[in-house]
Amino acid sequence: RMLAFVSQQRWRTSHKLHALLKKKLNLMRLTKILLLAAGLFAVACAQEDNGVGDLKRLVVRFISNVPIPDSIETLLALVGVDLDQLGGELVFSIPDLSMLVALLPASTAKLLGDLPIVKYIEEDTLMQLIQPIIGGTAVTDLAAASAEGDVDGGRFVDDGEFIPYGIDMVQAMDVSDANVASRKVCIIDTGFDVTHFDLPGNDVVSGADDIGAGQWFEDGNSHGTHVGGIIAAVGGNAGGVVGVVSNARLNLFIVKYLDDEGSSTFGSTAIAAAQECVNAGANVISMSFGRTEGPGVQGFTQFENDAFQQFYDNGILLVAAAGNDGTTEFNWPASYDSVISVGAIDESKSIASFSQRNSGVELVAPGVGVWSTVPNDSFELKDGTSMACPHVSAVAALIWSLYPDETPQRIREVLAATAEDLGPSGWDPAYGFGLVQAASALQCLESGGCSGGTMPTSPPTSDPPFVDCIDDPVGWVDSDGDGCDDLYNTQSNCFLYGDSFANEGKTANDACCTCGGGQPGGDECVDDPPNWVDSAGDGCDW
């Protein structure tokens, strides 16, 4: 499993480190290094147990244009294994992705992996709802609650309708929504209360029930309905709130991927949910769920990366919440190259304390104190990158509706190019390119003259100035082994880049901060703790 993991990852680091690794380490040596340095690299190896007895839940990816086995018997026949002897179960398959998910013993997986028609086999991973940081008390009458001093973060208009501050902040009301019926946004979440008086109805909303979490039009959690209201709460009805697209004409497709508790479920099921969106003709997929890489939680997986890349290449714009841990760890699926990772800001346009900060963050949007719809004709205030994500999904659909022949790549480029720059000048790990701006993006498309930003592949070398990254006290580490974290408050390169630009999902700070974590282009390699080496004797080379 380790060898399969290592061999299938894509590099997310500077070209220099990538070249060094290719030169000095073959796959077997790199695997041994990871195992020997388990204290530092356990995250890359471990994940929650997803087995059933001696069977593991595995994702099998076949090469293109190969018929996918439609039963466990057909699958096992490929390697001459008897089902009664070793056991197994076919969970589901996605032929469009040349992928199936099965419960298999390790011995059978090894035989399958050796077949020339099998591209790779990976263990399945877990995803979960990105829980809001706070959730207020649901109210049915915003105007009455406001009179009691319980509603802020927006403005009321003459008919009593409440416009959350985020709607104005992303310039939603400055762009025509006349053509939004040409777009469809798919929301993968906890469901959608289609009976809510302030949400679009069945004439433009549909969904899928076959993911296993329940009926799409029921939401016992409220998270999905809140996300849906940010995107499309109805305007002009003398009550409630207003969404980014408020004319009740934007098509929505709902996949209930997470149950009413928001419980963890599998990454492969997330891919199946996204495939449902694709099958329904979605243009934008909005995902306020994920997993943050950490002890016992695997980050990057090849099967998710390949599936999302295929969706993106085939015309789907993918948007996901950056995560609510307030760290520099990567959250997935937001951190895949094919996905727009969205961080959260507050009403003063300051980054939220809980918002992730890493090299995957591309845009930010309002995610603190956001009012939106919840089930039973009610409204609630929530915080989270889960709330920021649908702002970007809806803005993308809005401007794309006016230029429907553009590609998702072009829409993404324009959103980055026209974002309001916040924080340090240019892209940075907290704000990305900045606050998404609908009207500015439309002007860019109208002019045809703007070009988008480029996500970083290596740390800038001039801003901020170089600061040596030396652990003080010597040998100090936190629970993740990130020795230089105590320098974060100095705004040094460790703060800005030490946990960015990951290789195989791991960063310089995860290994040895003095070996490039805060040193742009630095060659010096000082082992900390002293004399720590890998199996090749070159302590910081990994």
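**Close-up 1. The disulfide of cysteine 186 and cysteine 277 in the predicted model.** The sulfur atoms of cysteine 186 and cysteine 277 are 2.0 Å apart and form a disulfide (a pair of cysteine sulfur atoms within 2.5 Å). A search of the whole structure finds one disulfide. The torsion about the S-S bond is -55°, and the link of cysteine 186 and cysteine 277 is left-handed. Cysteine 186 belongs to strand E9 (residues 184-189) and cysteine 277 to helix H11 (residues 267-279), so the pair ties together parts that are 91 residues apart in sequence. Helices (H or I, at least four residues) and strands (E, at least two) are DSSP runs, numbered from the N terminus. Both cysteine 186 and cysteine 277 are buried; buried means under 20% relative accessible area, exposed over 50%, and partly exposed in between (1.4 Å probe, protein chains only). Cysteine 389 has 0% relative accessibility and therefore counts as buried.

The model is predicted, so residues are numbered from 1 along each chain as its sequence is written, local features need pLDDT of at least 70, and side-chain atom pairs count only at pLDDT 80 or more. The β-α-β unit of E10, H10 and E11. Strand E10 (residues 205-208) pairs with E11 in the parallel sense over four bridges; two strands pair if DSSP finds at least two bridges between them. Within this pairing, serine 206 stands opposite phenylalanine 253 in E11. Together with H10, the strands E10 and E11 make a left-handed β-α-β unit (a crossover is right-handed if, with the strands pointing away from the viewer, the path from the first strand over the helix to the second runs clockwise). H10 is mostly covered, with ten of its ten residues buried. Among them are His223, His226 and Ile230.

**Close-up 2. The hairpin of E19 and E20.** E19 and E20 pair in the antiparallel sense over five bridges, and serine 372 stands opposite glutamate 380 in E20. E19 is mostly covered: five of its five residues are buried. The hairpin has three residues between the strands, and asparagine 376 takes a positive phi near 70°. Aspartate 377, in the loop between strand E19 (370-374) and strand E20 (378-382), also has a positive phi, of about 55°, although it is not a glycine. With a relative accessible area of 32%, aspartate 377 is partly exposed.

**Close-up 3. The open sheet of E12, E6, E14 and E16.** This open sheet has four strands in the order E12-E6-E14-E16, with antiparallel pairing. The edge strands, strand E12 (265-266) and E16, each pair on one side only. Strand E6 (residues 126-129) and strand E14 (residues 289-292) pair in the antiparallel sense over two bridges. In this pair, leucine 129 stands opposite phenylalanine 289 in E14. Strands of a sheet pair through backbone hydrogen bonds, either parallel or antiparallel.

**Close-up 4. The cis peptide bond at proline 333.** The bond from tryptophan 332 to proline 333 is cis, with omega near 20°. Proline 333 is in the loop between strand E16 (331-332) and strand E17 (339-345).

Notes:
Heavy atoms only, no water.
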